Amino acid sequence: MTVYQATASAPVNIACIKYWGKRDTKLILPTNSSLSVTLDQDHLRSTTTSRADPSFTHDRLWLNGKEEEIKEGGRLWTCIREMKRLRKEEVEDKSSSEPKLSTYNVHICSHNNFPTAAGLASSASGFAALVSSLSHLYSLPVSSSTLSLIARQGSGSACRSLFGGFVAWQMGSNPSGSDSLALQIAPQSHWPDIHALICIVSDDKKGTSSTSGMQRTVETSSLLHHRIKTVVPHRMETISKAIQEKDFDTFAKVTMADSNQFHAVALDTEPPIFYLNDVSRAIIALVVEYNRLGVEEGKGYRAAYTYDAGPNAVIYAKKENVKEILELVVEYFPQREGAFKDAFGLFGGGGKVVGKLPMGFNENVAKRFEVGAVKGLIHTRVGDGPRKLGDGEALLNDEGLPK
Ligand code: DP6
C-alpha cells in the first residue's frame, strides 16, 4: 500500500522592517509591508512531517510531542483547509488519475530544534514547515509566493519563511489578500556574509503576545498611522537598495531605526507595551558605541540590533566583525560554561569566548551584568528557504503517530 507522506524543514526569519498591525485580522493582512533576513536552518529550524491516509478519522497535529487541538476556524485549521483546496484545484481537478488526497484526513507532526523557553518565536518557522510539508505531500505545482499566501494565514511573519535570503512581505491592497505575499529580494548567495548573533535575554514576566499587542496598537496608537503611511514605504525602498548594493552601513541604520520605531509604537499603545528591558537597552548601548568607533575609524556602522516582541536581541553584522562583537557582548554579559556553541569555529579548541573590549571603546556606556542576564548566545547567518527532507527524517511512525 502506498504511504502518502512528506517531511520538510523551514527557517526562522527576523525582520529588519517590522510587521506590526493588521488591517484584516481573519485573513492576516498587514497595515504595512515588512522585510526580513532568513536565518540558517543548520542552527534554527522547524521540521514537519505530514501524512494523508483514508484510515485516519480526523486531522491531528502534534507539536513538540504534544497533541494540539485543531479548532474549526482557527489558524491551523485554515492552513490545512487551504492546502487541501489547492490540492483539489491544482492536481485532482486537472487529472482524474491522481489519488484524491484532499479528501483524506492528515496527521501532522512538528518539532522545533530550539527550546520554546528561549523565547524565540517559533510560529514563523512552524507554519512555514507545515505548509511546505503539505505542498510536497500534495505535489503542488505552485510557487513559494503562492504558498506564502497560506502560511500568512497561520501567522503573518510565517509568510517570509517560505524563502531564503532577504525577503519582503508586500502588504498588497486586495481585500481578498491575494496580493499580500512574500517575495525574495535577494537569495542567500547574494550576501552570504551577513551573520546574526542572537542574545537570549532572561525574562520572567509573561509578555504581551504579538497578536494581541499589535491589535491594541492599531486601535490606540496615533504614531502607528504616521509609521505606516510615511515611514515604512520609504524604508522598504532604502533597505532593499542597501541589500542589492551590499551596503551594510545603510542596512544597519534602517534596521535599528525600524526596531526603535516598532518599540516606540508599542509604547504609544494604550495601555503601553514594553518589550525591552535593562539588558536589551544595555545591548543597544554597546552596539551604538561600537558603531561610533566604526565611524571614527572610517569603516561606518558594523552592527545592527533589532528586537521583536520580547527582550532578546538579534545583532546583524558582517562575518568579519562577529568575533569582536561576541567578545564585546561576553565582556558585559559573562556566559555560563557551554552556553555558547561556536558553530563557526571562531574560538578554536574549546570554543570558549573570553570577554574583550575593542580598542578605544568607552566602557562606561553600560554596566557589567551578572552571569545569566544573557543566558545564551546563538551565532548564525543568512540561510536558505524550506528544505524537502527524506523519509529517514520523518517524525511519524508506520502507524502515522509521532515516533
Ligand atoms: C514583532 O507574525 O507573530 O515579530 O500574525 O498575529 O501571528 P501574527 O503575528 P506575528 O508577529 C510578528 C511581529 C514581529 C515583527 C515581524 O516579525 O515582522
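Two residues are in contact if their C-beta atoms, placed from the backbone, lie within 7 Å. The structure is a predicted model, in which local features need pLDDT of at least 70, side-chain atom pairs count only at pLDDT 80 or more, and totals for chains, interfaces and linings use all residues. Residues are numbered from 1 along each chain as its sequence is written.

**View 1. Contacts of V329.** Apart from neighbours within four places in sequence, V329 is in contact with C199, L286, V374 and L377. V329 is also among the residues with the most contacts inside the largest nonpolar core, together with V131, L197, C199, I315 and I325. A nonpolar core is a set of buried Ala, Val, Leu, Ile, Met, Phe, Trp, Tyr and Cys residues joined through C-beta atoms within 7 Å. Buried means that 20 or more other C-beta atoms lie within 10 Å of the residue's own; exposed means 12 or fewer, and partly exposed lies in between.

**View 2. The largest nonpolar core.** This core has 111 residues. Because domain 1 (4–191 + 389–393) and domain 2 (194–381) both contribute residues, the core lies between them; the domain bounds come from an automatic or database domain assignment.

View 3. Strand 16 covers residues 374–381, and seven of its eight residues are buried. Strands are DSSP runs of E with at least two residues, helices are runs of H or I with at least four, and both are numbered from the N terminus. Two strands pair if DSSP finds at least two bridges between them. Strand 12 (residues 194–201) runs antiparallel to strand 16 and is joined to it by seven bridges, with L197 opposite H379. Strand 15 (residues 340–341) runs parallel to strand 16, with two bridges; here F340 has L377 as its bridge partner.

**View 4. The loop around E98.** E98 lies in the loop between helix 1 (75–92) and strand 9 (105–112). E98 counts as partly exposed because it has 16 C-beta neighbours inside 10 Å. Leaving out residues up to four places away in sequence, E98 touches V91 and E92. The C-alpha atoms of E98 and R87 are 10 Å apart, and the two residues are eleven apart in sequence.
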